[in-house]
Structures are given as structure tokens and as C-alpha cells.
Amino acid sequence: MSFCTDTMEIWIFLGKILNVFKIVIPILILAFGAIDFGKAVVASKDDEIKKALKSLLFRILAGAVIFFIPVIIKFAFSLVDSFTGDIEKDYTVCVNCLTNPGGCK
């Protein structure tokens with residue numbers, strides 16, 4: 001067989017973890033951002049409000065990176081696109097299992 005086909009369960013598991021991160025990370029970003037920003041507003045200090053806003057923007061950027069992981073994975077595997085035959089089928093299995101673990105066959 002081939003590497004991706006032989007390790008399909010691992011790729012599916014990693015894909016499911018990635019899907020959980022895509023749900024949990026935005027919730028955590030909103031919760032922590034609201035808490036930090038609420039504390040800063042209650043304190044009524046401009047420096048703390050700016051610090052909380054900067055922290056929130058950094059968290060949003062980190063959350064956006066999580067959403068772009070599947071795109072990065074597809075791009076990395078598309079670099080192998082010049083190969084044909086068995087190699088192409090193998091990396092297609094890896095990409096499908098990582099980006100769509102429910103539809104991986």
C-alpha cells in the first residue's frame with residue numbers, strides 16, 4: 001500500500017482535532033477578549049483599554065491562522081501535484097483526511 005492509506009486513521013484523527021480547534025478557538029477568543037476588554041473598561045484607564053485591544057487583535061490573528069491551516073495544508077500538498085499515479089492518489093488521501101475527516105475514504 002502507501003503511507004497515507006496505511007496511516008489513514010491518524011490523518012482522520014488529526015483532521016477531527018483540527019475541526020475541534022476551529023470551533024473552540026473562536027469561542028475562547030471571544031470569551032477572553034470580552035473578559036479582558038470588560039476589565040479594562042471598568043478600570044477606565046486608557047492604557048489598559050489599549051492593552052486589552054492589542055491583546056484582542058493578537059488573539060483574532062491567531063484564530064485566523066487556525067482557519068488557514070487547511071489552506072496551507074492543501075497548498076503544501078499541491079506542490080506534489082506534479083507527480084501522477086500512485087503518489088497523487090496517496091497525497092490526495094492525506095489531504096482529504098486532514099481537511100474533511102468525515103468524508104475520508
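Residues are numbered from 1 along each chain as its sequence is written. In this predicted model, local features need pLDDT of at least 70, side-chain atom pairs count only at pLDDT 80 or more, and totals for chains, interfaces and linings use all residues, while side-chain values use heavy atoms, with hydrogens and water left out.

**View 1. Confidence along the chain.** The protein chain averages a pLDDT (the predictor's confidence in each residue, from 0 to 100) of 81, and 90% of the residues score at least 70. Helices here are DSSP runs (H or I, at least four residues), numbered from the N terminus.

**View 2. The largest nonpolar core.** This is a set of buried Ala, Val, Leu, Ile, Met, Phe, Trp, Tyr and Cys residues joined through side-chain atoms within 4.5 Å; buried means under 20% relative accessible area, with a 1.4 Å probe and protein chains only. Of its 14 residues, Met-8, Trp-11, Phe-77 and Cys-97 touch the most other members. Helices H2 (8–43), H3 (46–78) and H4 (86–99) each give two or more residues, and the largest share, six residues, comes from H4.

**View 3. Around Cys-97.** Setting aside neighbours within four places in sequence, Cys-97 is in contact (heavy atoms within 4.5 Å) with Met-8, Trp-11, Ile-12, Gly-15 and Cys-104.

**View 4. A glycine in H2.** Gly-38 sits in helix H2. At 31% relative accessibility, Gly-38 counts as partly exposed, a label for values between under 20% (buried) and over 50% (exposed). Gly-38 and Ile-49 are eleven residues apart in sequence and 8.9 Å apart in space, C-alpha to C-alpha.
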